[in-house]
Amino acid sequence: MERVVAVVLGGGRGSRLFPLTHERAKPAVPLFGKYRLIDVTLSNCINSGINRVFVLTQFLSASLHRHIMEAYKFDTFSHGFVEILAAEQTERGQEWFMGTADAVRATLHHIRHFASEETLILSGDHLYRMDYSKMLACHRSKEAGLTLAVYLVNREDASRMGLLRVDEEGMVQEFVEKPKDPEVIERFRAPESLCRKVGLNPDDGWYLASMGIYVFNSELLKSCLQGTDNDFGSQIIPGLIGKVRIATHLHEGYWADIGTISAFYTANIQATQVNPPFPLYCPGQPLFTHMRSLSPARIIRSAIRDSLVAEGTDLHGAIISDSVIGVRSIIRPGASLKEVIMMGADYYDEENPKLINPNETSADLVPLGIGRNVTMEHCIIDKNVRIGDGVIIRRQPCDLNSDGENYYIRDGITVIPKGATLLPGTVI
């Protein structure tokens with residue numbers, strides 16, 4: 001794939017994923033106990049034979065940078081790389097990225113250093129598997145200047161997406177970004193033949209939506225970015241219709257935007273099911289990440305059902321169901337976890353001890369991990385959290401949103417932020 005350079009858009013502030021994005025960029029948020037969000041897109045690139053990748057980011061990129069440097073090292077002879085391009089002040093501009101297109105424009109001089117015929121533009125916070133080489137083959141066979149990856153969505157999701165109307169060859173005739181007018185949305189109803197092709201009932205109402213995955217001919221991309229348009233979906237793509245050939249590539253597998261707390265939580269919990277919609281094991285399409293030299297999970301006198309347990313964990317006398325237990329998690333006797341995402345820790349207490357208060361003695365320490373006789377349900381425990389003995393986190397109403405001391409509730413999901421401490425006996 002020497003003809004192709006991939007550009008991964010790291011996203012903005014990630015406010016919809018707060019507080020998970022309080023100290024990290026959105027693509028760096030932990031996923032499935034041992035991965036990061038960015039691993040999904042980067043793994044798709046590697047599995048597609050694309051090994052020249054730029055990741056564009058501007059907010060809290062330190063942990064993302066560290067993860068990429070530790071995880072994605074190519075040998076000397078492959079000429080491959082995954083490189084972060086953060087927003088920077090230059091003689092040409094002093095501003096932050098103002099949109100997806102502006103982010104690519106601001107970094108184009110770095111990207112074009114590698115003479116490529118096509119530029120693949122991707123999002124860093126979506127969950128899916130795709131062989132990009134098939135999309136590139138579609139792009140070339142249709143002699144398109146731009147190709148969009150598309151996905152069929154229902155009426156409820158249509159207003160949040162960029163919708164397309166295509167002809168019989170799958171060439172784009174019309175595009176609208178996040179329409180709200182019901183009459184406009186109805187005009188973009190997907191053709192019956194397309195619905196039946198993927199086994200969907202046309203009467204249920206399906207719409208062809210852009211996945212935010214684009215293949216540009218590199219020279220076309222350069223010319224598109226000469227102006228002042230800052231966004232691909234709302235400005236660049238609509239302006240190209242009727243001027244260049246715009247093809248579509250239909251994605252028939254699983255795809256989800258996990259940019260909200262609710263969507264993120266659901267995607268993780270679904271991974272614990274017998275037949276998950278996004279299986280972590282897929283022959284020939286592995287998920288890559290930073291390899292850690294950790295011991296196997298140690299499970300003593302515990303009962304575990306329908307859960308994921310990552311390496312380096314120590315579970316003693318715990319009851320766990322429908323949960324994701326991340327790396328280096330410590331769960332002590334009497335703890336009960338149901339529908340919990342525990343992201344684990346970056347270290348063990350022996351490596352980096354921390355007191356609640358520097359003036360207190362070691363006897364007053366709340367240890368890293370989950371204490372004795374803790375009950376937790378329907379919550380997310382971020383990294384390096386300390387949960388004291390007897391803490392109770394109850395299931396909340398699904399529409400509840402509120403903030404408290406060392407916790408947040410979003411759509412009924414309680415989130416304990418990174419590095420927080422819940423004192424013994426705390427009830428939420």
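What follows is a dialogue about how the terms used for this predicted model rest on its computed values.

Student: What makes the protein chain count as compact as a globular protein of 428 residues?

Tutor: The chain, with its 10 helices and 29 strands, has a radius of gyration of 23 Å, which is close to the 22 Å that the globule rule gives for 428 residues, so the chain is as compact as a globular protein of that length. Along the principal axes, its C-alpha atoms fill a box of roughly 70 × 50 × 40 Å. Buried residues make up 51% of the chain, and residues 24 or more positions apart account for 63% of the contacts with a separation of 6 or more.

Student: Why is strand 8 described as largely enclosed by the rest of the structure?

Tutor: Buried means under 20% relative accessible area, and eight of the nine residues of strand 8 (residues 146-154) are buried, so the strand is largely enclosed by the rest of the structure.

Student: How do you know that strand 8 and strand 11 pair, and in which sense?

Tutor: Pairing requires at least two bridges, and strand 8 has eight bridges to strand 11 (residues 206-217), in the antiparallel sense; within this pairing T147 stands opposite V215. Strand 8 also runs parallel to strand 12 (residues 246-250), to which five bridges join it, with L250 as the bridge partner of V150.

Student: What puts the buried residues of helix 4 on the same side?

Tutor: The buried residues in helix 4 (residues 132-141) are Y132, M135, L136, C138 and H139. They cover an arc of only 155° around the axis, which puts them on the same side of the helix. In general, an α-helix has 3.6 residues a turn, so residues three or four places apart point the same way. The face of helix 4 turned away from the buried side carries K134 and S141, which are exposed, and after the helix comes E143, whose phi is positive, near 50°.

Student: Why is the contact between K26 and D125 called a salt bridge?

Tutor: The cut-off is 4 Å between a side-chain nitrogen of Lys or Arg and a carboxyl oxygen of Asp or Glu, and the closest N and O atoms of K26 and D125 are 2.8 Å apart, so the pair qualifies. The pair links distant parts of the chain, with K26 in the loop between strand 1 and strand 2 and D125 in the loop between strand 6 and strand 7, 99 residues apart. Both K26 and D125 are buried. The structure holds 21 salt bridges, and a network of salt bridges links R3, E117, E118 and R140.

Student: What makes the salt bridge of R395 and E339 a tie between separate parts of the sequence?

Tutor: The side chains of R395 and E339 meet at 2.4 Å, N to O. R395 lies in the loop between strand 25 and strand 26, whereas E339 lies in strand 21 (residues 336-342), so the pair ties together parts that are 56 residues apart in sequence. R395 also meets E377 in a salt bridge, at 3.2 Å from N to O; since E377 belongs to strand 23 (residues 375-381), that pair ties together parts 18 residues apart.

Student: How do you know whether I261 and P279 are buried or partly exposed?

Tutor: I261, in helix 10, has 2% relative accessibility and counts as buried. Leaving aside neighbours within four places in sequence, I261 is in contact with R16, L17, F18, L20, I380, R410, I413 and V415. P279, found in the loop between helix 10 and strand 14, is partly exposed, because its relative accessible area is 34%.

How values were computed. Residues are numbered from 1 along each chain as its sequence is written. This is a predicted model: local features need pLDDT of at least 70, side-chain atom pairs count only at pLDDT 80 or more; totals for chains, interfaces and linings use all residues. Side-chain values use heavy atoms; hydrogens and water are left out. Buried means under 20% relative accessible area, exposed over 50%, partly exposed in between (1.4 Å probe, protein chains only). Helices (H or I, at least four residues) and strands (E, at least two) are DSSP runs, numbered from the N terminus. The arc is that of the directions from the helix axis to the C-beta atoms. The radius of gyration is taken over C-alpha atoms; the globule rule is 2.2 Å times the number of residues to the power 0.38. Contact means heavy atoms within 4.5 Å.
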